Amino acid sequence: MVSNGNPGRSAMAKLKIGIIISTTRAARFGDRPAKWIKDMASRRENLEVEILDLRDYPMPFFDEVASNASVPSQNEVAQRWQKKVAEFDGYIFVTAEYNRGVPAVLKNALDYAYPEWNKKPAAFIGYGSVGAARAIEQLRLVAVELQMAPTRTGVHIQGADFLAAWKGGKEIAKLTYLQQNANDMLDQLVWWASALSAARERSPVSAIL
Ligand SMILES: Cc1cc2nc3c(=O)[nH]c(=O)nc-3n(C[C@H](O)[C@H](O)[C@H](O)COP(=O)(O)O)c2cc1C
């Protein structure tokens, strides 16, 4: 059995949520929505929230003999990444859309772990012309293979609102309709994180199941 390093938390413990900034280029926009959702999520007493920046985990394009579902990874940054991912009960992916797809650096980071993602929820915040809706739909499929539970509701910063925030410097918090969306998404994330944390505590994760 391959352990995911997080056996679930006792009923009173706070749920740990990792917010993953999914692009790494110098001029990226992703820091702003990540900070916005971190501020919102941190106001919930039952959550402990941390931003994970893929710039801090510069992994090569996948270069191991197999997924770490079956063979431990050799690359030291990958090992550090897997250890970090294992700490959390759920994740919020803050993502762009590159050519209607998932940014490659994010897909690579997803591929570099397996048991660490298993039996945990994934929520998504996208930005772009259609709020990265197409990339997020692809991510939901990837999440299923990683044995994650993707939330129904996502947050999409899109169209003129994205341009106003990206080029015009408009504060995301001023896009008030996003608040309800984000609250719904956080409610769903908390429900799944809590349910799956209890389930992991009862029965440890096996990479095979
Ligand atoms: C390589 C590349 C491809 C892009 N493709 C899309 C796209 O398919 N859909 C979209 O809405 N925006 C697209 N854009 C514009 C991005 O939405 C915008 O540049 C955004 O800021 C990128 O995210 P980042 O700042 O986190 O890198 C693309 C940008 C780049 C650099």
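**Stop 1: the aromatic rings.** Start by showing the side chains of Phe, Tyr and Trp: across the whole structure, a search finds 13 aromatic pairs. Keep in mind as you look around that this is a predicted model.

Now select Phe-29 and Tyr-127. Their ring centres are 5.0 Å apart and their planes meet at 65°, so this pair is edge-to-face; the cut-off for that label is an angle over 60 degrees. Phe-29 sits in the loop between strand 1 (15-21) and helix 1 (31-42), while Tyr-127 belongs to strand 4 (residues 120-128).

Stop 2: Phe-162 is found in helix 5 (residues 159-166), and 133 residues separate it from Phe-29.

Are these residues buried or exposed? Both Phe-29 and Tyr-127 are buried. Phe-29 has a relative accessible area of 5%. Phe-162, at 9% relative accessibility, is buried because the limit is under 20%.

**Stop 3: a cluster of rings.** Next, select Tyr-57, Trp-81, Phe-88, Tyr-91, Phe-93, Trp-117 and Phe-124, which form one aromatic cluster. For another lysine over a ring, go to Lys-167, which lies over the face of Trp-166 at 4.0 Å from the ring centre.

**Stop 4: the nonpolar cores.** Which residues have the most contacts inside the largest nonpolar core? Select Trp-36, Ile-37, Ile-92, Val-94, Ile-125 and Ile-157 to see them; the core has 31 residues. Among the elements that give two or more residues to this core are strand 1, helix 1, strand 3 (90-95), strand 4 and helix 5. Helix 6 (177-202) is also on that list, and it gives the most, with seven residues.

Pick Ile-37 and show what surrounds it. Leaving out residues up to four places away in sequence, Ile-37 touches Ile-19, Ile-92, Val-94, Ile-125, Ala-182, Met-185 and Leu-186.

Definitions and conventions: Residues are numbered from 1 along each chain as its sequence is written. This is a predicted model: local features need pLDDT of at least 70, side-chain atom pairs count only at pLDDT 80 or more; totals for chains, interfaces and linings use all residues. Side-chain values use heavy atoms; hydrogens and water are left out. Rings of Phe, Tyr and Trp (its six-membered ring) pair if their centres lie within 6.5 Å; planes under 30 degrees apart count as stacked, over 60 as edge-to-face and the rest as tilted. Helices (H or I, at least four residues) and strands (E, at least two) are DSSP runs, numbered from the N terminus. Buried means under 20% relative accessible area, exposed over 50%, partly exposed in between (1.4 Å probe, protein chains only). A charge sits over a ring if NZ of Lys or CZ of Arg is within 6 Å of the ring centre and within 35 degrees of the ring normal. A nonpolar core is a set of buried Ala, Val, Leu, Ile, Met, Phe, Trp, Tyr and Cys residues joined through side-chain atoms within 4.5 Å. Contact means heavy atoms within 4.5 Å.
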